[in-house]
Amino acid sequence: MPSETRPEGVYFYATCLVDLFYPQVGLAGMALLKREGLKVIFPGDQTCCGQPAYNAGYREQARQVAAAQLDLFAKDHPIVVPSGSCAGMMKHHYPALFAGTERHSQALAVADRVWELTAFLTDVLQIELQDLGDPLKVALHTSCSTRREMGAAHAGEALLAQLDGVELVQQDHKTECCGFGGTFAVKQPEISAAMVEDKTRSLRLAGAELVVSQDCGCLMNIGGALEFQKEDRSQAEGPATQHIAEFLWERTRGQ
Amino acid sequence: MASEFHRGVVKALHDGALRGHLRRAMDSLMEKRQALFPDVDELESLRRRCMQIRAHALANLPDLLEQLEQRCSENGIQVHWAETTEQANDLVYEILQRHGVKQLVKGKSMVSEEMGLNHYLEARGIECLESDLGEFIIQLAGETPSHIVMPALHKSKQEIAELFHEKFPDIPYTDDVDELTAAARAILREKFEQAEAGLSGVNFLVAETGTLCLVENEGNGRMSTTVPPLHIAVTGIEKVVEKLADVPPLLSLLPRSATGQRITTYFNMISGPRKPDEKDGPTEVHLVLLDNGRSRIYADEELQATLRCIRCGACINHCPVYTRLGGHAYGTVYPGPIGSILEPQKEGLDRLGELAEASTLCGACAEVCPVRIPIPQLLNRLRWESVRQDGDDETKGQGGRRKATQAGLWQAWASLASHPALYRIAVGSASRFRRLLPQQLGPWTRVRKAPQIAEKPLRQLIEQEDKRDE
């Protein structure tokens, strides 16, 4: 497990989805880091990591957007991202995207400092959590990029295990993709729908009251489908969904 | 305009029985594989080694092929080169014609599927009989393989029982697997004796020794390559490895990755025709090496990794998209993740580039690939090649999926997201006017609620907080 000396400050790269749809996730993520005594810098000029264009094959456009992000991190602080997928883009794809350009070394330097939030909390900060919430059955949907690209599946489980009131329930086919895949959900809507149907069924069967994840993309997909099923088929209450950062903050902030 | 792939997708997704059947089959394959790799470190070091073996072979491909041809010739194996599938078919037909062959018995070969060999030969009066049980079943049904290792995987036991009953009315109906297998075996035995030629694929070609390696479970491969007096092997030029010592590591990963077996029942090493003092084996052995677009893939340093594939099918077994669709929906010879990188390159991005989009890039394929092909990375690369404008024309059908409207939208998005001041205004407006935004978002809201834009974006909340703190 990688470990680093504890930094004084970090950059918080919230991601475009958090900015626009889930700002409370950003606030919670930053609050968790601040509570650990870190100075948290939110670069105000951040927009998007460029992943949507990159995965759609529009590399030039992805590079244009990514280049604007590279300039945000002047100090040598770790860059913490509440999304395995955006962190994966910055850590693993920026170097290739800027290969052969004058920004390549800058891209490498940024990539080197990128952390997915939950992995940063466990591996670098060795955070200790005290659960103040009521008993709850929670399922964790670890996003594919957190699991495979960032190799950080251990972190989410470890954090939830620290919460005494939380019973982690196991859904079948836990490691399988939820079917989001960014533009995939729009370009191959039928396959995506079949995948999220199966995923929501597994989560219901597991008896989860809440589903948490490290990625807002997955949550938008899974949560959107669960909400839809409630209305469309008046299915018995399915689980709610929440980003793991927000959940951890709520369970431990003691209000 | 619905593509052929899209029609296949819709058809497959509506087949509830198929979906249930596929899920159970894939679950069982994944479990069996997992059980044989208890030691992750051992697995990873083997995967690295096998990747190196295959990458090394590809890096020296021209030399190794030359060496292979020489060694095979010394061993008495006649080597033929085919740039296209038409040429390969012609070559096979010429050999068969020369020997007056009317009946050909086949071991399993995906390259012969790629060639459309059965169809080609049957149109010329040569009967082809598939002797691999799965291939035998789909040949009876008049279908194509739905999986590269288990071609009849999409068929349930009952479907096969009914098919046998329909095609062989003399045999009493049964859905007992052992009885069905025995029935097929009896039919095939007779054919092995009658056939004047046998055809097989090849798993590994050993350049050092001029050996053709064939991995199989049913003994039909050995029968096809030893009983008839003539054996023709067909395979792709990428199957070569440098030396005999490269085979054991590959062989230790292949069956475990493919079917969750420690080792297959049969492993054949063919090093030439029957020698004068030998009692059995074919008197002539031919090797047809097919290019069919492979050297074009080979020419690209990154895409070359496509050719490392040893056709185990693990990527297919672990693919959540394949699990929903089965193989036929892809409409290609090779389905699943490997097919989605190989087929668009072989057939052209303009024709099959959509397959590279039919992935969530979840990475399950790359995680299990025994030769560590970075499939998601290659899918991403092919997406780029599909829409790029400044092409070098090295990938077939490059730029073939570029649409002006789509490119324009991405450019508009890029202009916005690379200008923070503009972006701030756009995000602010989206929040302010969020109630005016549509709640029906095309295909997204067919099964999901639309995501709701927050009352205030994060950047604004943080600015407010900072002001309070000041």
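**The core and its surroundings**

Modeller: Leaving aside its neighbours within four places in sequence, Met90(A) is in contact with Cys49(A), Val81(A), Val110(A), Ala111(A) and Val114(A); contact means that the C-beta atoms of two residues, placed from the backbone, lie within 7 Å. This is a predicted model, in which local features need pLDDT of at least 70 and side-chain atom pairs count only at pLDDT 80 or more, while totals for chains, interfaces and linings use all residues. Residues are numbered from 1 along each chain as its sequence is written, and chains are lettered from A and ligands numbered from 1 in the order in which they are written.

Met90(A) belongs to the largest nonpolar core, which holds 213 residues; Val80(A), Val81(A), Met90(A), Val234(B) and Val288(B) touch the most other members. Helix H12 (residues 216–232) of chain A gives the most to this core, with 8 residues. Such a core is a set of buried Ala, Val, Leu, Ile, Met, Phe, Trp, Tyr and Cys residues joined through C-beta atoms within 7 Å. A residue is buried if 20 or more other C-beta atoms lie within 10 Å of its own, exposed if 12 or fewer, and partly exposed in between, with C-beta atoms placed from the backbone. Helices (H or I, at least four residues) and strands (E, at least two) are DSSP runs, numbered from the N terminus.

Strand E4 (residues 197–200) of chain B is joined to E7(B) by 3 bridges, and the two run parallel; strands pair if DSSP finds at least two bridges between them. Leu199(B) has Ile232(B) as its bridge partner in E7(B). E7(B) also runs parallel to strand E10 (residues 284–290) of chain B, joined to it by 7 bridges, and the partner of His231(B) in E10(B) is Val285(B).

Chain B as a whole has 24 helices and 10 strands, and 47% of its 470 residues count as buried. Asp393(B), by contrast, has 8 C-beta neighbours inside 10 Å and so counts as exposed. Asp393(B) lies in the loop between helix H20 (375–387) and helix H21 (404–417) of chain B, and has a positive phi of about 60° although it is not a glycine.

Where the chains meet, 52 residues of chain A are in contact with 46 residues of chain B. H11(A) gives the most to the side of chain A that touches chain B, with 8 residues. That side has 30 nonpolar, 12 polar and 10 charged residues; Ala, Val, Leu, Ile, Met, Phe, Trp, Tyr, Cys and Pro count as nonpolar, Asp, Glu, Lys and Arg as charged, and the others, Gly among them, as polar.

H21(B) also takes part in a contact between the chains: Gln61(A), Gln64(A) and Val65(A) in H4(A) meet Trp410(B), Gln411(B), Trp413(B), Ala414(B) and Ala417(B) in H21(B). The residues of this contact divide into 5 nonpolar, 3 polar and no charged.
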